[in-house]
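Please keep the sequence and the model at hand while reading.

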Amino acid sequence: MIAAAFPVDPRLPELATACDPAAMTALLRRRLRPRGGATIEGCVLEELRHRADRRTVLRYRVAVRGARRPHWWLTGLLYGGRAAPGRAAEVAEELRAAAPAPGEIAWEQPFESVTLVPELAMVVQAYPFDRRLPALARLSAGPTPDLSALLCARAGLPDAPVGSWTSELVRYRPQRCAVLRWTVGDGPRASRFYVKLHAKDADLRAARDLPARAGGFAVAQPLLEVPDRRLVAFAESPGTPFDQVVLGGAGVCAAARVVGRALAELHRDTAVPERRFTAADERADIAQACALVRWGRPDLDLLVRRIEARVERALCDVPPAFVHGDLKPDHVLLHDGRPALIDLDTRAAADPVLDTGKLLARLFGLGLERPAAGPAARAAARALADAYFAAAPRESRSRLEPHYAGALLKLGASLLRRQAQRWPALAAALVAEADRATVGLAGPPAAPSAAPVLATTEGAL
């Protein structure tokens, strides 16, 4: 990123307007053709994936009056580089040809599936149409009759008519993936399924061949896979997400110790996957995150560069272990004192401390985003780190700081991408914690310690 400050980038001048909610509301009102009397009342930028030399993807949450639902999702596509002149108009035509007819879309859309905004040379897709997730338009409101019958049969439930299902969008990353929660029945007899739609066959394959257990964790198994729709479905796993335990405040340290011991067992005893994630891969990921943080907070440029240099020098390849690869507190479920793992699509063979550093960084971030939960998050991090390093090889403790700092920087970039509330202040606090954690990496290695690297001061913002 070479821009002076977010959201300015001289290589893509349209970006500043695309990130301005008021300007985008006016443009969308002018260019989108509403159906059934729908009216746009406002919009919020929820996700930004910026590649000025290729394609920038922006996801908007639009407030709509006079539609079946009070809000809707729109995806804006901006094109840069040599292909920019005329590319948006070409893509708009391609997408219109690929868009389903209105009767083939599960939700009654308040807008046309594809619109061109010529003022920005932006293509706009209206949810649930997504060219790279072609099954989403048909499945966003719930299963088709064949999928309903298959899910009920696999789950041991009586066959249910399609009209008895409800559907909620849990996560949507345009052109990458969508997660839907399908529910049949109501009250205590309700059965829920999590359905993930992938944009790539490789991502779908990653959901296969999961171990029944991974160290101390049970692993949620796929209930149904439909390759031609790039769909994999899981029955709802029992348990409370670890982040919800922390936010609740009761039994936090006991739960964290369970997670820490299970994580050490995962890294010690689980067969190593084929996919390899090296120290060079981690350096590349951190470099990308640092560039994004510097763009969002140019006043932190020198500090971020200093931290990045420390982390790069400290990262090294070690004998790999099974790692989750994207371990967050909400990927760990606790049920009657027993832990389980979900969302193992990113599993790989890597330095095991990669998982530990990311989990501790996420706990730190949880305390920042939810200040009332700060003491519980810090207590959870200390208990988890103590339990983990008590059961892990002693030399692994010396590798925590660079992985923890790298995870903090990646979290800062993630906050900018998803336009989290107060992201500039949160990113600054994460950078400050990464600086504190890596001070010892600038000189002689710090003495090994069982204490976690999480800061204990309150009021970081």
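## Basis

This is a predicted model, in which local features need pLDDT of at least 70 and side-chain atom pairs count only at pLDDT 80 or more, while totals for chains, interfaces and linings use all residues. Residues are numbered from 1 along each chain as its sequence is written, and side-chain values use heavy atoms, with hydrogens and water left out.

## Helix H10

Helix H10 spans residues 301–314, 14 residues in total. Helices (H or I, at least four residues) and strands (E, at least two) are DSSP runs, numbered from the N terminus. From first C-alpha to last, H10 reaches 20 Å, close to the 20 Å expected at 1.5 Å a residue; the expected span is 1.5 Å times one less than the number of residues.

The buried residues of H10 are Leu303, Val304, Ile307, Glu308, Arg310 and Val311. Viewed down the axis of H10, these buried residues fall within an arc of 160°, so they line one face of the helix; the arc is that of the directions from the helix axis to the C-beta atoms. An α-helix has 3.6 residues a turn, so residues three or four places apart point the same way. Leu302 and Arg313, on the other side of H10, are exposed. Buried means under 20% relative accessible area, exposed over 50%, and partly exposed in between (1.4 Å probe, protein chains only). The cover over the buried residues of H10 includes helices H9 (279–296), H13 (400–417) and H14 (423–438), with contact meaning heavy atoms within 4.5 Å.

## Salt bridges of Lys196

The whole structure holds 34 salt bridges, each defined as a side-chain nitrogen of Lys or Arg within 4 Å of a carboxyl oxygen of Asp or Glu. In one of them, Lys196 pairs with Asp343, with the closest N and O atoms 3.3 Å apart. Lys196 lies in strand E8 (residues 191–198) and Asp343 in the loop between strands E16 (338–341) and E17 (348–350), so the pair ties together parts 147 residues apart in sequence. Lys196 is buried, at 13% relative accessibility, whereas Asp343 is partly exposed at 29%.

Lys196 also forms a salt bridge with Asp345 (2.9 Å, N to O). Asp345 is in the loop between E16 and E17, 149 residues from Lys196.

## Other salt bridges

Asp201 and Arg230 form a salt bridge whose closest N and O atoms are 2.9 Å apart. Asp201 belongs to helix H6 (residues 201–205) and Arg230 to the loop between strands E11 (224–226) and E12 (231–235), so this pair ties together parts 29 residues apart in sequence. Asp201 is partly exposed at 41%, and Arg230 is partly exposed at 24%.

A network of salt bridges links Glu46, Glu47, Arg49, Arg59, Arg61 and Arg173.
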